[in-house]
Amino acid sequence: MRSAYSVQTVRAAERALMARLPEGALMQRAAAGLAAACADVLRRRGRVYGSRVVLLVGSGDNGGDALYAGARLARRGAGVRAVLTAPGRAHAGGLAALLAAGGRIVEGAEGARSADAWGGHIDLVVDGITGIGGRGGLRPDAAELVRALAATGAPLIAVDLPSGVEAGTGEVLGEAVRADATVTFGTYKPGLLIDPAAERAGALHLVDIGLGPELPAVPELEVLQYADVAALLPVPGAESDKYRRGVVGIVAGSARYPGAAVLAVSGALRGGAGAVRYVGPGAGAVIARHPETLVHAGPPSKAGRVQAWVVGPGLGDGAQAAEAVRDVLAAEVPVLVDADGLRLLDAGALRERTAPTVLTPHAGEAAALLGVPREEVEAGRLAAVRELAARYRATVLLKGSTTLIATDDPDTPVRANPTGTSWLATAGSGDVLSGLTGSLLAAGLAPRDAASAGAHLHGLAARHASDGSPVAAQDVAEAIGAAWRDVRA
């Protein structure tokens, strides 16, 4: 599992560790890891000796890390230039080390011409402009320098995080570096794992600098890996029957959106449900595609026993749809609310529920639930998912390029899903996710675990289904089994 901590927590841990180490030892550890990562990139492009490296050096410790790493590369025969974005405030020890190793120091304006000075050829750019305390995007002069060097096509490695992004939230409030890779130290920072900042980080490489013992046991953000998801997935035993495996009820579809019913049922069946009870006007389409489905005309409370309900995909907005949502929310079993169900739910009734509730909005639906512009949700996804969970006393799965899962307990880490793909931006894929997650709820997973495992499998299924080509929602549903096998392999 990947864990990420807030800026305040990381700083406190660093102070505690530095108090036990010789002066400068922590920076040297970071610089050694950074230099090793840079050398790997240079070797893949040819060799370290004779390569040309530009360091973008700010006034903070990230600039010091870059300078010391540059000194290590220079001692191995690389030509290294440090471009100072804050002349007079760069790390003195790092500057001395680089000069002693044969590196050169230039200021920002001259640094923008580094590519020309080297005949237009640079092998690597290292971004050490700002660190985890940076706020508000790059200053104009730094942004101009970054653009000039990006135009050379040289790969760029960010030191700890791309300069200009918000380390604690994943927001990008101005111009920011777009890295090919980020070498981060001690622990991940939330901004490396949450879009829009995460998409600027590139490949992530964590350097162990001994910070682990100083960090609290509970992180701010966590990302499940295959083994973590595999441990959550239910596997039927010798004594299992369809009821022990979990029966999920699906209330979805309408005359306008009959396919939503089929897709939600598809996700539930392939997600491991022992049985699916369908309630709604799409029974004919559902049975034609999935004859094993148990169908009922409604209301949901009369359809028979279930261990969880999914309500909302393609439901429409009529009186019958609103009544179905009310009926489901009155049930004493876990309920997942998606799509049209989110517009029809009664917030008061939701908060009064004693059984668990999972809400699965996309950014637009989340914005409507919070009463804010969609752009505000997309820019601050971490804050949005936390506010939704707290306001509605529910587990919230906020869909998007980085899917986030939060509970209404502020001390429980938010989870970020690492398997998302842009191919999921297709009609009906959310319906499949709802059915899949509902089946995991019915199997007995806790809401946070069901949402996390559902999002993980959903993303993997999309990757299987697309193989780099366009994909439809039903393709994603049919690939869930392959995703399940991947996780358990």
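1. Basis of the note. The model is a predicted one, in which local features need pLDDT of at least 70 and side-chain atom pairs count only at pLDDT 80 or more, while totals for chains, interfaces and linings use all residues. Residues are numbered from 1 along each chain as its sequence is written, and side-chain values use heavy atoms, with hydrogens and water left out.

2. Helix H1. Helices (H or I, at least four residues) and strands (E, at least two) are DSSP runs, numbered from the N terminus. H1 covers residues 7-18, and its end C-alpha atoms lie 16 Å apart, in agreement with the 16 Å that its 12 residues should span at 1.5 Å a residue; the expected span is 1.5 Å times one less than the number of residues. The buried residues of H1 are Val-7, Val-10, Ala-13, Glu-14 and Leu-17, where buried means under 20% relative accessible area, exposed over 50%, and partly exposed in between, with a 1.4 Å probe and protein chains only. Seen down the axis of H1, these buried residues fall within an arc of 130°, so they line one face of the helix; the arc is that of the directions from the helix axis to the C-beta atoms. Gln-8 and Arg-15, on the other side of H1, are exposed.

3. Helix H2. The buried residues of H1 pack against helix H2 (25-44), contact being heavy atoms within 4.5 Å. H2 has 20 residues and reaches 29 Å from its first C-alpha to its last, close to the 28 Å expected at 1.5 Å a residue. Just after H2, Gly-46 takes a positive phi of about 150°.

4. Strand E2 and its partners. Five of the six residues of E2 (residues 52-57) are buried, so this strand is largely enclosed by the rest of the structure. E2 pairs with strand E3 (residues 79-84) in the parallel sense over six bridges, two strands being paired if DSSP finds at least two bridges between them. Val-57 has Leu-84 of E3 as its bridge partner. From E2 the chain crosses through helix H3 (residues 61-75) to E3, and this β-α-β crossover is right-handed, meaning that, with the strands pointing away from the viewer, the path from the first strand over the helix to the second runs clockwise. E2 is also joined by five bridges to strand E5 (residues 124-128), and the two run parallel; there, Leu-55 has Val-126 as its bridge partner.

5. The whole structure holds 16 salt bridges, each defined as a side-chain nitrogen of Lys or Arg within 4 Å of a carboxyl oxygen of Asp or Glu. In one of them, the closest N and O atoms of Asp-40 and Arg-43 are 2.3 Å apart. Both residues lie in helix H2, three residues apart, about one turn of the helix. Asp-40 counts as partly exposed at 34% relative accessibility, and Arg-43 is partly exposed at 43%.

6. Salt bridges between distant parts of the chain. Arg-135 and Glu-166 meet in a salt bridge of 2.3 Å, N to O, and this pair links distant parts of the chain, 31 residues apart. Arg-135 counts as exposed, at 63% relative accessibility, whereas Glu-166 counts as buried, at 3%. Asp-449 forms a salt bridge with Arg-415, the closest N and O atoms being 2.8 Å apart; Asp-449 lies in helix H19 (residues 447-466) and Arg-415 in strand E18 (residues 414-416), 34 residues apart. Asp-449 and Arg-415 are both buried, and they belong to a network of salt bridges that also links Glu-222 and Arg-448.
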